[in-house]
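Subject: Structure handover

Hello,

Here is the structure you are taking over. My notes on what was found in it follow below.

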Amino acid sequence: MSDRRTVAAYQYDGSFDGLLCCVFESFLHKEQPLDILPEGAEQFPLCPPKVIETDRKKAQRVAASIPKKISPLAAEWVRGGFLSCAPHRELLLLEFLRKGYRTGPQVTRMMQDETVAALFRAVQFLENEAHLLKGFLRFVERNGVLTAVIDPKNFVLPLLAPHFAGRLPRETFLIYDRSHGMALLHRQGELRIVPAGGIEFTPENDTEREYQRLWKQFYDTIAIEGRQNPKCRMTHCPRRYWQNMTELCGEIFAPLSQKSLKNPADSGIMEEKHRRISAGKAAVYDLHTESRCARDSGAHARS
Amino acid sequence: MDLFQKLTILSDAAKYDAACTSSGVDRSGGTDGIGNAQACGICHSFAADGRCISLLKVLLSNACVYNCQYCVNRVTNDTPRATFTARELADLTIQFYRRNYIEGLFLSSGILKNPDYTCEQMTEVLRILRQEYKFYGYIHVKAIPGADPLLIERMALLADRMSVNIELPSEQSLTTLAPNKSRPAILGPMRQIRDGISQNQTDIVRSRHAPKLAPAGQSTQMITGATPETDFQILRLSEALYKKYSLKRVFFSAYMPVVESALLPSLDTRPPLLREHRLYQADWLLRFYGFKAREILDEAHPNFNPFLDPKCNWAIHHMELFPVEINTASYEMLLRVPGIGVRSAKRIVSARRTGSLDLAALKKIGVVLKRAQYFITCRGKLPDAARLRSENMIRAVLSDRAAAMLGLPQGEQLSLFHDPGMLTREDVLQCLTGEL
């Protein structure tokens with residue numbers, strides 16, 4: 001820490017290579033930026049940020065050094081950390097790399113260290129969310145193309161891509177990540193992650209609706225009434241995923257438990273109350289996603 | 001009858017099957033077909049009862065000729081009957097799979113005409129999926145007790161996992177409640193699959209193209225609470241099944257009264273969910289924590305303590321082994337600390353190689369200390385909470401639910417000054433040590 005000068009925030013182009021160049025810069029000049037920000041991020045810096053140009057050669061030098069000087073696992077963590085939604089993930093990664101170059105392959109075991117623990121948690125969150133979405137994502141067929149919408153907190157598309165491409169090799173599919181304004185396209189074995197904003201889908205046809213109806217019916221039938229356990233369901237399948245799930249999107253603002261209504265006469269009032277609350281929530285939600293879409297669309301390609 | 005009605009009847013009839021896992025086999029798909037399988041398994045949804053939905057769980061038919069007392073599909077029960085055609089079910093599976101609703105198919109069936117015929121019909125569904133659609137996803141299929149071994153082998157070659165339900169924990173209960181099924185008829189296919197799998201493994205050494213027989217292994221399920229067996233008997237049985245039949249999983253299903261019968265608990269019996277929960281906890285201890293059934297329960301204590309999970313219960317009866325020092329204890333001993341699971345134990349072992357751990361470090365690692373703190377030391381020191389409030393340990397290790405069952409105050413610790421009209425600490429202790 002002692003021999004490092006603290007300098008103004010770095011600004012990079014939002015790509016992984018760009019971030020690696022920031023790391024390069026920081027080591028080259030022995031300086032510690034106050035923050036590292038992607039282009040176009042909302043920011044109110046006291047002094048203007050130092051713009052770091054992305055140079056593939058520098059980035060490759062850093063990228064090659066991580067598995068060599070630290071470990072392949074550390075390289076994996078760095079990639080994962082970059083895709084995660086950890087606050088100030090860029091600074092976290094810089095700090096992690098600093099510690100990694102100093103201690104070597106041991107660094108990924110140093111869970112008692114604040115930085116290492118924070119990065120580990122971020123990577124785990126990313127991987128968990130990707131794993132959940134491998135199950136919770138729902139395709140809707142429109143004109144022979146399978147389409148899906150997700151609202152993940154982490155940028156999971158690069159993790160979902162090989163999974164679905166391996167699983168549906170002959171299908172054309174599109175997964176739209178609404179919260180990051182990006183889409184994954186697959187056609188004839190070719191995979192691409194491209195910026196996308198405000199995609200509007202054509203309505204589905206009758207066959208598609210029939211399969212959705214069958215699936216909902218299966219979902220409702222398979223539960224055992226005597227074992228109702230809404231809390232357990234929510235632990236395993238958090239509500240924020242429900243809006244994009246065929247069988248659960250209708251239940252999203254339903255009362256938690258019918259049992260909690262003691263007096264049946266009250267239920268009308270409760271329903272009305274719920275309806276109003278949910279309508280309000282839905283409105284807030286729409287605004288929220290729209291603004292996020294608007295901000296993120298095409299802002300930074302991180303593939 | 002249309003597909004919608006069939007699906008309703010046949011998934012309703014299949015819902016009491018506990019198993020819905022898609023784990024145990026890693027297989028990448030071919031470019032000519034659809035699907036792959038992941039060893040960790042993927043849950044695609046969770047039903048209102050909190051159970052995972054991973055596979056399309058249906059019966060091929062519920063027009064059963066058997067008369068098992070506990071079953072909704074028994075021949076004497078007045079219930080709507082339906083049967084899928086093989087093609088219908090295969091198409092539905094593929095359409096659901098494409099939309100990422102499911103990880104594969106879980107196929108079981110009532111006995112249509114006779115076991116051999118049923119087995120052939122089920123195999124036809126699997127054949128269409130595997131050979132016509134080139135489906136590489138997960139298939140779990142129920143072996144039909146009493147079917148020809150050759151037919152069972154053919155089915156096992158197309159499936160990923162095969163299971164035979166042992167149904168009830170003892171032979172006596174089986175003869176009373178399921179007169180058409182016998183222990184040998186159930187264990188026969190189980191033995192056959194086991195031998196097939198081990199034979200298969202030597203074949204694969206010789207040729208990697210040898211067809212794989214049930215590569216994700218086999219599992220079984222039994223109903224608990226319908227018959228008078230003790231938890232100890234059930235646990236011993238599952239331990240034996242793991243050892244002798246190399247099963248991957250034993251599932252327990254709390255008895256849900258669905259039909260009225262003089263031989264069964266009455267219709268208003270509530271399913272023994274807590275008991276089922278404890279059985280699963282103990283099952284985990286057997287499979288991942290190096291416990292033996294005899295350590296968890298014995299003849300003197302044949303049933304689970306309703307208030308404490310089996311591991312905590314074991315620890316409280318073996319306080320001479322605790323506290324353990326986090327920085328030096330063996331992995332096996334760490335696993336025995338209440339509140340420390342496989343993940344936490346592995347992380348502790350890995351992290352302590354880089355430096356000694358204190359309480360703050362444990363928290364950063366992600367170890368949940370609520371219960372563990374009473375059973376560990378860090379660098380020779382007891383965590384503060386345990387030192388200052390050691391008499392509160394009992395309340396602390398109890399879950400809120402168990403505390404409520406004992407009438408203990410919620411969310412606060414037992415104190416020396418609490419109302420003497422309520423349970424005393426001695427009562428609680430006695431209760432916990434099983435002397436009450």
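Two residues are taken to be in contact if their C-beta atoms, placed from the backbone, lie within 7 Å. Please keep in mind that this is a predicted model.

Helices H3 and H5 of chain A

By that criterion, A:Trp77, A:Gly80, A:Gly81 and A:Leu83 of H3(A) meet A:Leu119, A:Ala122, A:Val123, A:Leu126 and A:Glu127 of H5(A). By type, the residues of this contact between H3(A) and H5(A) are 6 nonpolar, 2 polar and 1 charged. H3 covers residues 72-83 of chain A and H5 covers residues 114-136 of chain A; their axes come within 8 Å and cross at roughly 70°. Angles of 65 to 115 degrees count as roughly perpendicular, and H3(A) and H5(A) are therefore roughly perpendicular to each other. The crossing of H3(A) and H5(A) has a left-handed sense.

Helices H1 and H4 of chain A

The axes of H1 (residues 16-28) and H4 (residues 89-103), both in chain A, come within 10 Å and cross at roughly 50°. H1(A) and H4(A) are therefore oblique to each other, and their crossing is right-handed. On the H1(A) side the contact is made by A:Leu19, A:Cys22, A:Val23 and A:Ser26, and on the H4(A) side by A:Glu90, A:Leu93, A:Leu94 and A:Leu97. The residues of the contact of H1(A) with H4(A) comprise 6 nonpolar, 1 polar and 1 charged.

Chain A overall

Chain A contains 9 helices and 10 strands. Of the 303 residues in chain A, 33% are buried. Among contacts in chain A with a separation of 6 or more, 69% are between residues 24 or more positions apart.

The nonpolar core

The largest nonpolar core has 182 residues, and those with the most contacts inside it are A:Ile175, B:Leu126, B:Met155 and B:Ala159. H5(A) gives the largest share of this core, with 9 residues. H5(A) is also the helix whose residues, among them A:Leu119 and A:Ala122, meet H3(A).

Which residues does B:Ala159 contact, leaving aside its neighbours within four places in sequence? B:Ala159 is in contact with B:Leu126, B:Ile139, B:His140, B:Val141 and B:Ala214. One of these, B:Leu126, is itself listed with B:Ala159 among the residues with the most contacts inside the core.

Regards

Notes. Residues numbered from 1 in each chain as written. Chains lettered and ligands numbered in written order. Predicted model: local features only at pLDDT ≥ 70, side-chain atom pairs only at ≥ 80, totals over all residues. Axes fitted to C-alpha atoms, helices over the stretch in contact; angles between N-to-C directions. Helix = DSSP H or I, 4+ residues; strand = E, 2+ residues; numbered from the N terminus. Parallel < 35°, antiparallel > 145°, perpendicular 65-115°, else oblique. Left-handed = near helix turned anticlockwise from the far one by under 90°. Nonpolar A, V, L, I, M, F, W, Y, C, P; charged D, E, K, R; others polar. Buried ≥ 20, exposed ≤ 12 C-beta atoms within 10 Å, placed from the backbone. Core = buried A, V, L, I, M, F, W, Y, C linked by C-beta atoms within 7 Å.
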